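The sequence and structure are shown first.

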Amino acid sequence: MKKMLPALAAALTLLAAGAAGAAEEKWSYAGETGPEYWGLLDPAYALCAQGASQSPVNLTGLIEADLEPLKFDYTGLVTKLRRANSTAQADHSAGSFLTAGGRTYELKQIHFHAPSEHMIEGQQFPLEAHFVHAAADGQLAVVAVLYNLGDENPELKKLWQQMPAKAGQEVGMAAQVRAEKLLPENRDYYRLSGSLTTPPCTEGVLWLILKNQSAVSEEQTRQFTELMGGPNSRPAQLLKARAVLQ
Ligand SMILES: [Zn+2]
């Protein structure tokens, strides 16, 4: 087996540690520790300010490409919900896979941002889910699902109902939540290279943003934002030299 890329392995560990509340987060989404200052808060966060391929972005200047369909082999269930200072994370049982661009990635966890981090041609959405996958060598592939305002989403309802009230807490799932049910039926997507959208903003992440949205109700969006203590989205970053394929 190939060795895990050290930067990405570290990022994945940080993601897990941060979400479990094990490490006190230095950064936030507002004020003096907000997104515009992330790059200054810690030398380890330098990429947040100086990176060449930071996420999220406004998806624009789309280039037609013959993208292979994404293959989702999702089985199993969400096992645990954890609250961090700045997000809620649903851990997923092992054995769910995504194949993209000839590589296979395993689903690790799902978390949410409100409002959306990615925009499509300048349009922002009320909610965005990130399905975080890792290949055997540590490379990350994140599938982003954007939500439109509409009917109450029954799968999100099960998640929100069991959400721990305080940062740092985690709970085992009683209701059965299948990751696949959180995806829209049509899985056409935009593809670009990017980064983690939270410090340390590690680059080399493959972003696959679904073109079709799922629905979330206004009340569910409000509940989530309230649970998180406010918006938890990084503003759009510059595309720089990157192309967005569709
Ligand atoms: Zn995210």
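A residue is called buried at under 20% relative accessible area, exposed at over 50%, and partly exposed in between (1.4 Å probe, protein chains only). The model is predicted, with local features requiring pLDDT of at least 70 and side-chain atom pairs pLDDT 80 or more, while totals for chains, interfaces and linings use all residues. Residues are numbered from 1 along each chain as its sequence is written, and side-chain values use heavy atoms, without hydrogens and water.

Two helices are summarised below; helices (H or I, at least four residues) and strands (E, at least two) are DSSP runs numbered from the N terminus.

| Helix | Buried residues |
|---|---|
| α4 (residues 154-161) | Glu155, Leu156, Leu159, Trp160 |
| α5 (residues 218-228) | Gln220, Thr221, Phe224, Met228 |

Just after α5, Gly229 has a positive phi of about 75°.

A zinc ion has the protein donors His111 (NE2), His113 (NE2) and His130 (ND1), lying 2.0 Å from it; donors are N, O and S atoms within 2.8 Å of the metal (3.2 Å for Na, K and Ca), and because water is not among the atoms, sites may look incomplete. His111 in strand β7 (residues 103-113) and His130 in strand β9 (residues 127-134) are 19 residues apart, a pair that links distant parts of the chain. His111 counts as buried at 10% relative accessibility, and His130 is buried at 1%.
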